[in-house]
Amino acid sequence: MATRCSSGATTITALRRVLVCLAASTVLSVTVPAEQTAPRTLAAVFAHPDDEGAASPILARYAREGVKVHLLIVTDGAAGGQQTTIPRGPELAKARAEEARCSADALGAQPPILLGFPDGQLGSYADEPTRLFRVTQRLHEELQRIRPDALLTWGPDGGTGHPDHRLVSALVTQLVRTGAPGVPERLFYVSLPAELMRAANPGRGEPPLLIPQARHLTVRIPFTAADLEAGRRSLACHKTQFPANALTGLAEAAKQAWNGAVAVMPASGSGAGSDLFR
Ligand SMILES: [Zn+2]
């Protein structure tokens, strides 16, 4: 219940009320936990513009709560031309950069950081170490610049199994495991629920041995209806990827699958010990 701080009948009573109110406000100001007032930064690192759809409601939620949310997109998206008449190449890359900006804006995130590596080719980067080192270094430079407190990326499965997704996951994990300067330890893997995979590919369904078991997704992050709606609007920005008639079905499938919370997997456990089997 709120304390009444209006003026009273006598000067002494009024003075006493002022002192009580001052004391109350002092207590309130010192009991706000520091972590609620400190600015925080979240980096979501993905391979393509539209990958952020896998985490969109929680990106919207944290942005709404004042967290500085950054989207880092490693490729230029120039090869994602299945659903558009725009020819693959620079013109499509330009359109997808615009879509990424629209999506980040819908989520309340910072303007996206687009690293511009060639779409569809990251999987073959392992063949050529110098290319691999270059993309690792670029990613690290950006993370050092924005200094996130937590990271989100695809799991080792790449969510959909896409080689570009898998490489981005491996590089982010590598930077965390090596303690790269500016890179936090708090890394979480996102994945796509089976229901969403089925909705996205009704003919194929979900590929086998790809979706993590629910028991590994131990961090469940709730979101509001408004966050879900922001996620839907961000998905709608990706016009070259999702035809308008597919959006409603996808958004509904995502709503059902998440059921009010996006579950993610912590990249590192806190367990210790001296035996692999105990
Ligand atoms: Zn992708």
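This is a predicted model: local features need pLDDT of at least 70, side-chain atom pairs count only at pLDDT 80 or more; totals for chains, interfaces and linings use all residues.

The protein chain has 10 helices and 7 strands. There are 278 residues in the protein chain, and 37% of them are buried. If we take the contacts with a separation of 6 or more, 76% are between residues 24 or more positions apart.

Now the helix pairs. Two packed helices are described by the angle between their axes and the distance between the axes. For α3, residues 56-64, and α9, residues 225-236, the axes come within 8 Å and cross at roughly 120 degrees. The crossing of α3 with α9 is right-handed. On the α3 side, the residues in contact are Ser56, Pro57, Ala60, Arg61 and Arg64, and they meet Asp227, Leu228, Ala230, Gly231, Ser234 and Leu235 of α9. By class, that contact of α3 with α9 has 5 nonpolar, 3 polar and 3 charged residues.

The second pair is α5, residues 129-146, with α7, residues 163-177; here the axes come within 10 Å and cross at roughly 60 degrees. Angles from 65 to 115 degrees would count as roughly perpendicular, and those under 35 as roughly parallel, so α5 and α7 are oblique to each other. α5 also passes α7 in a right-handed crossing. Val135, Thr136, Leu139, His140 and Leu143 are the α5 residues involved, and they meet Leu171, Gln174 and Leu175 in α7. The contact of α5 with α7 divides into 5 nonpolar and 3 polar residues, with no charged ones.

The buried residues of α7 are Asp164, His165, Arg166, Leu167, Val168, Ser169, Leu171, Val172 and Leu175. They pack against several elements: the strands β1 (41-46), β2 (68-75), β4 (150-154) and β5 (187-190), and the helices α5 and α6 (158-161). Just after α7 comes Gly179, with a positive phi of about 65 degrees.

Buried in α4 are Leu92, Ala93, Ala95, Arg96, Glu99, Ala100, Ser103, Ala104, Ala106 and Leu107. What do these buried residues of α4 pack against? The partners are α3, β2, β3 (113-117) and α9. Just after α4, Gly108 has a positive phi of about 80 degrees.

Arg147 is not a glycine, yet its phi is positive, at about 50 degrees. Arg147 lies in the loop between α5 and β4. Is Arg147 exposed or partly exposed? It counts as partly exposed, because it has 13 C-beta neighbours inside 10 Å, and the cut-off for exposed is 12 or fewer.

Leu209 is a residue other than glycine with a positive phi, near 55 degrees. Leu209 sits in the loop between α8 (194-200) and β6 (219-222). With 7 other C-beta atoms within 10 Å, Leu209 is exposed.

That is the end of my part.

Terms used
Residues are numbered from 1 along each chain as its sequence is written. Axes are lines fitted to C-alpha atoms, for helices over the stretch in contact, and angles run from 0 to 180 degrees between N-to-C directions. Helices (H or I, at least four residues) and strands (E, at least two) are DSSP runs, numbered from the N terminus. A crossing is left-handed if the near helix is turned anticlockwise from the far one by less than a right angle, and right-handed if clockwise. Two residues are in contact if their C-beta atoms, placed from the backbone, lie within 7 Å. Ala, Val, Leu, Ile, Met, Phe, Trp, Tyr, Cys and Pro count as nonpolar, Asp, Glu, Lys and Arg as charged, and the others, Gly among them, as polar. Angles under 35 degrees count as roughly parallel, over 145 as roughly antiparallel, 65 to 115 as roughly perpendicular and the rest as oblique. A residue is buried if 20 or more other C-beta atoms lie within 10 Å of its own, exposed if 12 or fewer, and partly exposed in between; C-beta atoms are placed from the backbone.
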